[in-house]
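Please examine the sequence and the structure before reading the solutions.

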Amino acid sequence: MPDFVVVLAVNAGVILALFVLAWAVCVAQRDCTPVDSLWGLGMGLVAISTYLQTGGGTPRRIVLTGICVAWALRLGGYMLWRWRDHGPDGRYVRMLDKAKAERGWGYAYAAFRLVFMLQMPLLWLVCLPVQLGQVSPDASPLGPLGLAGAVLAVIGLIFESLADFQLVRFKKNPVNAGQVMDKGLWRYTRHPNYFGDACVWWGLWLVAAETRLGLFAVVGPIYLVYTLTRWSGVPTVEGRMRRKKPGYEDYMRRTSGFFPWPPKPPKAA
């Protein structure tokens, strides 16, 4: 059996064990919100698992693991803080209440079926650049493509970190209650955190793409961008914001949906 298949299989087992443990904890406290932090922390764990299995030590493995772990700790830590600060996520509460009312599912079964079982394979898929990019034994320095990818990933990490910081500060100010955040990075894109996320994972893929197997990991960032822009990211957030904040429609009209771009001028009176 090829070495990379063993690495991928072991990592799938690591993800399964992590999610089963988290599922048991979430069921015990009747709150699935912490699963959001696993999206980041789990990828960091997969990066470390791959590094250890492949022997580590090469520049590519160090860069892929280092950036992924930094991203994982930032996102996972932020999501844990948000859970402790905001309480249970209403999306999961409504989803599991609906499963009980309409299908008669118990909390444990519904949580595993609708939340955990879905996210496990997706985490493994999105993390493919960090996994396949480390399999090659090549210890040569990063080439131009890998260096460009590392720079893009770091820029994305800084971009999304700053965006989340600006949003938290905006929400903490009582004066901004009910207002739309359109300052800082949010002035140039409605979703700077998602854009930064995409930059991180496309950057990691570029680092991996200098290896033959890593090139095929492109499915990871493609799927991530699809998820962020067409499935559970932008559509979910914007549907909720349009219902809650009257000014959001105007914000959508003048502000880029994903890529940062100068805002359109306000409508003439």
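**Exercise 1: Burial of a helix**

The model is predicted, with local features requiring pLDDT of at least 70 and side-chain atom pairs pLDDT 80 or more, whereas totals for chains, interfaces and linings use all residues. Residues are numbered from 1 along each chain as its sequence is written, and side-chain values use heavy atoms, without hydrogens and water.

Task: State which residues of α6 are buried.

Solution: The buried residues are Leu128, Pro129, Val130, Gln131, Leu132, Gly133, Gln134 and Val135.

**Exercise 2: Packing of two helices**

Task: Characterise how α2 and α6 are arranged, and describe their contact.

Solution, step 1: The axes (lines fitted to C-alpha atoms over the stretch in contact, with angles from 0 to 180 degrees between N-to-C directions) of α2 (residues 35-54) and α6 (residues 128-135) come within 9 Å and cross at roughly 10°. Therefore α2 is roughly parallel to α6, the term for angles under 35 degrees.

Step 1: Val46, Ala47, Thr50, Tyr51 and Thr54 of α2 meet Val130, Gln131, Gln134 and Val135 of α6, where contact means heavy atoms within 4.5 Å.

Step 2: By class, the residues of this contact comprise 5 nonpolar, 4 polar and no charged.

**Exercise 3: Surroundings of Trp201**

Task: Identify the contacts of Trp201 beyond its neighbours within four places in sequence.

Solution: Trp201 contacts Met43, Cys68, Trp71, Val126, Cys127, Val130, Pro221 and Leu224.

Key:
Helix = DSSP H or I, 4+ residues; strand = E, 2+ residues; numbered from the N terminus. Parallel < 35°, antiparallel > 145°, perpendicular 65-115°, else oblique. Nonpolar A, V, L, I, M, F, W, Y, C, P; charged D, E, K, R; others polar. Buried < 20%, exposed > 50% of the residue type's maximum accessible area, 1.4 Å probe, protein only.
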